[in-house]
Amino acid sequence: MVGGGPAGCAAALRLAQRDLSVILLERQDVGSLSRDRLRSGEGLIPRALRELADLGIAAHDAPWALSRIRRVRTVGPDGAAATDAVGQLGGIVQIDRALFE
């Protein structure tokens with residue numbers, strides 16, 4: 001499996017659970033990522049959380065789960081704003097990628 005991000009890790013785990021031999025390759029050493037723990041795009045949406053649960057990985061008390069976002073507000077260039085209550089779907093879990101992987 002090439003790519004050790006969340007999708008690559010999940011795919012590799014699913015293959016391993018089917019008793020297949022798996023090699024997971026990641027170009028970048030996760031330990032070399034920025035020390036900033038909260039980076040844009042490093043959150044798991046409700047669908048990803050359900051996929052993890054299907055793999056037997058619970059996010060609610062995991063050490064890599066930093067915070068849960070329950071409401072998202074988007075503001076466009078013209079100042080128009082929209083708020084989405086993602087908490088109704090379980091929220092978005094912000095992750096510490098080094099611990100997650």
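This is a predicted model: local features need pLDDT of at least 70, side-chain atom pairs count only at pLDDT 80 or more; totals for chains, interfaces and linings use all residues.
Let me turn to the secondary structure. The protein chain contains three helices and five strands. Read from the N terminus, the elements follow the order α-β-α-β-β-β-β-α. As for contacts with a separation of 6 or more, 53% of them in the protein chain are between residues 24 or more positions apart.

Next, the sheet. Three strands form an open sheet in the order β1-β5-β2, and their pairing is antiparallel. Its edge strands are β1, residues 43-44, and β2, residues 65-69, each of which pairs on one side only. In general, the strands of a sheet pair through backbone hydrogen bonds, in either a parallel or an antiparallel manner. Here, β1 and β5, the latter covering residues 92-95, run antiparallel and are joined by two bridges. Within this pair, G43 stands opposite Q94 of β5.

Where does D19 lie? Its place is in the loop between α1, residues 6-17, and β1. D19 is not a glycine, yet its phi is positive, at about 65 degrees. Is D19 buried or exposed? Its relative accessible area is 72%; the cut-off for exposed is over 50%, and D19 is therefore exposed.

Thank you for your attention.

How values were computed:
Residues are numbered from 1 along each chain as its sequence is written. Side-chain values use heavy atoms; hydrogens and water are left out. Two strands pair if DSSP finds at least two bridges between them. Helices (H or I, at least four residues) and strands (E, at least two) are DSSP runs, numbered from the N terminus. Buried means under 20% relative accessible area, exposed over 50%, partly exposed in between (1.4 Å probe, protein chains only). Contact means heavy atoms within 4.5 Å.
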